[in-house]
Structures are given as C-alpha cells and as structure tokens.
Amino acid sequence: MSESHAAPAVPAVRRVSRTRIIVARVLTVVGVLLVVISILANYVKREALDEDRFRETSRALIASDTIRDQLALTLVDQLYANSDVAGSVRAKLPRNLQPLAVPIAGLVQNATESAAKQLLQRPRIQELFVNASSLAQREFVAVLDGDTNRLASTDGKVVLDLRPILLRLGDRFNILASRIPPDSGRVTILESDQLKTAQRGTRALRFVADWIWALAIVAWVGAVLLAKGRRRLEVRAIAIGIVAIGLLVLVVRGLVERYFVNHLVKSDTVRPSARDAFEIISDLLKGAGWTAVIVGVVALVGVWLSGPGRRAIQARQGIAPYLRGAGIYAATIGGYLLLLWWRPTPQFGFWLNVLIFFVLLMIGTEVLRRQLARESPPPPEAV
C-alpha cells in the first residue's frame with residue numbers, strides 16, 4: 001500500500017476569508033467613530049436643549065462660590081457703568097465736601113460688591129437667576145423649533161435677562177437705583193440673522209443624537225456576524241474601541257478646559273470662575289467618557305472570561321456550580337441594579353442608555369451561560 005493511502009484524510013478547517021476579516025474590522029472602526037459622534041451630539045442636545053438638564057446646570061452654576069462672586073462683580077460693574085455714582089454723591093454732599101465725591105463713590109462701590117455677593121447667596125435670588133436662565137433657554141429652544149413669534153418683544157434676539165437681579169441690587173443702595181437703562185443686565189444669546197443657521201443645525205443635531213447610536217450598533221452587529229470563527233476577537237476589538245472612546249473624551253475634555261481657562265480667559269481674576277463653570281457645564285461630557293470606560297471594561301472582562309486562556313478556564317470552572325440555570329441571570333441583574341443604584345455617571349440615569357446597556361448585558365450573559373453549560377454540564381440526578 002502506498003504511503004499516500006496510509007491515513008484517512010482530515011477535513012480542512014474552514015477559515016474566514018481575509019476580505020471578511022477586513023470588512024468586519026472596518027465596520028468595527030466605523031461603529032467606534034459613530035459612537036464618538038453620538039456622545040458629542042447627545043451632550044450638546046441634553047446640555048443645551050433639555051430644559052430639566054439646563055435648569056440643573058444653572059442651579060449648579062449659581063451655587064458655586066467663585067461663579068457667584070464673579071457674577072456679583074459683573075452686576076456691580078453694570079450698575080456703575082450705567083449710573084453716575086460720583087455725580088449722585090456730589091449732589092448730596094455740602095459744597096465744601098463735594099471734592100470727596102469720587103473717593104466716596106469708590107468706597108460705595110466696595111460696599112456694593114460685598115452686598116451683591118451677600119445678595120446672591122440668598123435662595124430667592126438664586127432662584128431668580130435659575131428662572132431667568134431657564135426662561136432664556138425655553139425661548140431659545142422654541143425659536144429653534146420655529147416659534148419666531150417669541151422674538152417680537154426682544155428686537156429679534158433671544159436674551160438672558162438678569163435685570164431683575166440688577167434692580168434688586170440697586171434697591172439696596174438708593175444712590176445707585178437711579179435710572180438703570182432697560183438693556184442693562186441683558187445678555188444676547190441669539191441674533192435674528194443667525195436664526196436659520198441655528199435652526200438647521202438644531203434639526204441635524206437632534207437627528208444625529210437620536211439615531212447615530214443605532215447605526216453604530218448595526219455596524220458592530222455586522223462586524224460580529226462577518227467574523228465567523230473569530231467573533232470573540234471582534235467583540236474584544238469593539239470593547240477596546242469603547243474604552244479608547246472614553247479615554248479620548250476625557251483627555252480631550254481636559255485639554256479643552258486647559259486651553260479655555262489659560263488662553264481664552266485673559267483675566268487672572270476671572271479664571272477660577274471660568275474653570276468652575278467649565279467643570280459644571282462639561283460634567284455630562286465627563287460622565288459620557290467614564291460611562292464608555294465602564295462599559296468597555298465590563299465587555300473586556302466578559303471577553304476574557306469566555307476565552308481559551310488557562311486562568312479564564314479556571315475561573316469558569318470555579319463559577320459554573322453557582323451560575324447554572326437562572327442563577328447567572330439573577331447574579332447579572334442584581335449586579336446591574338446595584339450599578340444603577342450607585343449611578344457612577346449621569347448616563348446611568350437616562351432610560352434609553354439603561355435599556356441598551358441591559359440588552360447588551362443580557363446577550364453577553366446568555367453567551368456565557370451556554371458556554372458554561374457546554375463545558376460544565378450539571379451532574380446526573382441520583383435515582
């Protein structure tokens with residue numbers, strides 16, 4: 001018998017084509033890029049267009065000591081810029097003391113700054129700030145959604161009106177309460193000539209924030225389906241990409257904060273309040289970064305646990321007796337509920353995120369359950 005017929009033929013192992021591997025990895029990268037866009041779009045949408053979130057941010061801003069003190073100084077500057085304080089003092093002084101009007105006005109300004117800081121510490125005044133900010137935000141969103149009738153009373157502008165606080169401050173000093181111009185304490189947010197561009201941008205922003213995450217998931221599902229035979233590796237690549245997204249968001253946020261505070265803010269006295277304001281306004285973005293890191297790390301742990309490594313096999317053998325049947329679901333759901341109770345980031349309080357994370361977690365749990373059932377079947381029942 002010839003040597004060529006000595007042993008039976010071994011079936012060839014089916015290999016994934018290189019083209020499918022490349023397409024799968026491209027889909028993984030596309031999904032990662034779409035998630036980056038989704039994070040940024042959802043951050044802007046929630047921070048600028050969501051009324052409850054905006055109100056919460058406004059309340060956090062006015063609660064900051066440095067921001068509150070800077071706002072007090074700004075309001076006092078508004079009063080002094082629009083009132084002839086020295087002239088008012090001079091009119092109330094005897095003729096022989098009128099040369100002292102300017103230094104007395106300076107002393108009054110110092111007293112006014114202290115009074116303004118104390119005034120802004122009052123809950124009622126802080127609520128005025130929050131209400132004024134929320135009103136401006138509601139008008140802003142309504143105008144972006146097409147309700148331009150709201151601009152009729154503001155000369156085609158969306159404004160933040162802090163004039164009520166300015167008047168409260170003026171009332172405390174009769175000398176300063178005279179004739180504050182109507183436009184004092186008003187900050188323009190949107191001009192009428194910017195309206196069409198802002199409306200188009202808002203529509204695009206809402207579409208991207210609402211749907212781009214779904215395209216990312218579709219891309220990842222396609223990548224996993226194409227990578228038959230190496231799906232665990234593709235899931236690992238997706239998890240690494242998610243962790244990279246989170247770290248990238250955190251690093252970029254830190255760099256933007258440094259640039260904003262150190263380069264765009266010219267005054268050293270304003271920088272502490274600018275830093276606090278940036279921290280508060282970008283807190284949701286920081287939460288998105290940490291959420292991506294948490295989700296990616298959990299996915300990596302699951303990929304490792306299902307892998308062929310010696311330690312992974314030992315770990316599966318160790319947990320298999322405790323996670324048979326419904327036990328694995330009870331442990332997973334219990335751990336997830338604890339995570340939601342802890343709520344390490346704001347993103348774990350948004351119902352859509354909670355639902356998506358839960359579905360993905362259940363899919364991973366089912367994959368692990370089937371693997372444990374194959375590797376460690378339950379012992380036969382005694383007769």
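The protein exposes about 22,900 Å², and carbon and sulfur atoms supply 63% of that area. The area comes from the Shrake-Rupley method with a 1.4 Å probe. This is a predicted model: local features need pLDDT of at least 70, side-chain atom pairs count only at pLDDT 80 or more, and totals for chains, interfaces and linings use all residues. Residues are numbered from 1 along each chain as its sequence is written, and side-chain values use heavy atoms, with hydrogens and water left out.

Start with the overall fold. The protein has 14 helices and two strands (DSSP runs: H or I of at least four residues for helices, E of at least two for strands, numbered from the N terminus). Of its 383 residues, 38% are buried (under 20% relative accessible area, 1.4 Å probe, protein chains only). Take the contacts (heavy atoms within 4.5 Å) with a separation of 6 or more: 77% join residues 24 or more positions apart.

Now go inside. The largest nonpolar core has 17 residues (buried Ala, Val, Leu, Ile, Met, Phe, Trp, Tyr and Cys joined through side-chain atoms within 4.5 Å). V35, I39, W220, I242, I245, V249 and L285 touch the most other members. Helices α1 (18-49), α8 (195-226), α9 (231-264) and α11 (283-305) each supply at least two residues of this core. α1 gives the most, with five. Leaving aside residues up to four places away in sequence, V249 touches I39, L285 and G289. Another core, of 14 residues, lies apart from this one; I62, V130, A132 and L162 are among its members.

Finish at helix α14, residues 351-375. Its 25 residues reach 36 Å from first C-alpha to last, close to the 36 Å expected at 1.5 Å a residue (1.5 Å times one less than the number of residues). Buried residues in α14 include N353, F357, E366 and L372.

Key
Buried means under 20% relative accessible area, exposed over 50%, partly exposed in between (1.4 Å probe, protein chains only).
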